[in-house]
Amino acid sequence: MRNALFAEEESTALSTWAVASICGCLRLEHVMTLFAAALLEKQIVIVCSNLGMLSASVLSILPLIRPYQWQSLLMTVLPNDMMDFLDAPVPYIVGVQNKTSDVLNRLTNAVVIDANRNQIKSSSVPQLPQHRELLSALRPYHSILVGESYLERKRPVYECTDAQVEGAKGFLAVLRDYLDTLCSNLRSHTITNVQSNNDKVSLLLKESFIGSFPSRDRPFMKLFVDTQLFSVHTDLVLSFYQKD
């Protein structure tokens, strides 16, 4: 029990540090593009010369998308002798210290976040559903984290102030509510069959589910429902429905 408690405390501390770090160095709109790209299982490369900030930025994606879980490759720092990895035809999230010409030449289709310059390159990520409402809800917490980041430049990157802890927790709470709401009507687009052995099998009607969203939100949802991340999570949710 104690080990489980310590693990939970470590996970919470890691989430707080990572989210405080990413929000402290990126504009809110850039954080949201990163969030959307992760949900859609894009190839994501984060560039930062500071190793601590680089690790935090990459790891921040895990708490940002919770309760969904990243299903592919993740590497906080990609060694220079492993740059061929960027050519892999699979989703990945990796950290790179230097944005060399070799790196750039390999990233024509990737989402590239330059944490040093607070810049992002992305042409293939549709806008999140309820985009404006989400930005409005997140902005107060992001502003706290940006302010604390500027005030505490002399503090080690891994130490969080009380204000950062509260800001990061508030930021994550908004995202968790958002993701819960995004799929809150899954059940009304699910059919359940009872097999001959009395086992229940539930199936999500994807087209019906996508159609329940306003037309402006459907480009994102069409891509989202086809991700492995979405499938794994919804399989778990549907398994609970089968127990009812």
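This is a predicted model: local features need pLDDT of at least 70, side-chain atom pairs count only at pLDDT 80 or more; totals for chains, interfaces and linings use all residues.

Entry 1: I began with strand β4 (residues 111–114), which pairs with β5 in the antiparallel sense over three bridges. For pairing I required that DSSP find at least two bridges between two strands. Helices (H or I, at least four residues) and strands (E, at least two) are DSSP runs, numbered from the N terminus. Which residue of β5 is the bridge partner of D114? I found Q119 there.

**Entry 2: ground rules.** Residues are numbered from 1 along each chain as its sequence is written, and side-chain values use heavy atoms, with hydrogens and water left out.

**Entry 3: confidence.** I checked pLDDT, the predictor's confidence in each residue, from 0 to 100. The chain has a mean of 84, with 85% of its residues at 70 or more. Contact here means heavy atoms within 4.5 Å.

**Entry 4: the whole chain.** I noted 10 helices and seven strands. Of the 244 residues, 44% count as buried, with buried meaning under 20% relative accessible area, exposed over 50%, and partly exposed in between (1.4 Å probe, protein chains only). Taking contacts between residues at least 6 apart in sequence, I see that 66% join residues at least 24 apart.

**Entry 5: the sheet as a whole.** In what order do the five strands of the open sheet lie? I read β2-β3-β1-β4-β5, with mixed pairing. The edge strands, each pairing on one side only, are β2 (73–75) and β5 (119–121). Neighbouring strands of this sheet are turned by 15 degrees against each other on average, direction ignored. Helix α3 (residues 51–59) packs on the sheet, where it touches β1 (43–47), β2 and β3 (92–96). The direction of α3 makes about 170 degrees with that of β3. Axes are lines fitted to C-alpha atoms, for helices over the stretch in contact, and angles run from 0 to 180 degrees between N-to-C directions.

**Entry 6: strand β1.** I then followed β1 to its partners. It pairs with β3 in the parallel sense over five bridges, and Q43 stands opposite Y92 in β3. Four bridges join β1 to β4, and these two also run parallel; here V47 stands opposite D114. Why call β1 largely enclosed by the rest of the structure? Because five of its five residues are buried. Q43, V45 and V47 point one way, I44 and I46 the other. That is a pattern I know: in a regular strand the side chains alternate between the two faces of the sheet.

**Entry 7: helix α2.** I tested the length of α2. The expected span of a helix is 1.5 Å times one less than its number of residues, so the 12 residues of α2 should span 16 Å, and the end C-alpha atoms are 17 Å apart, which agrees. The helix is mostly covered, with 10 of its 12 residues buried, among them H30, M32 and F35. After α2 comes E41, whose phi is positive, near 55 degrees.

**Entry 8: cysteines.** I looked for disulfides, meaning pairs of cysteine sulfur atoms within 2.5 Å, and the count came to zero. For C25, the nearest cysteine sulfur is that of C48, 6.4 Å away. C25 counts as buried at 16% relative accessibility, and C183 is buried too, at 10%.

**Entry 9: two buried residues.** S60 lies in the loop between α3 and α4 (61–64). Is S60 buried or exposed? It is buried, at 0% relative accessibility. Leaving aside neighbours within four places in sequence, S60 is in contact with A18, V19 and I22. My last stop was H233, in helix α10 (residues 228–243). H233 is buried, with a relative accessible area of 17%, and it touches P67 and Y68, not counting residues up to four places away in sequence.
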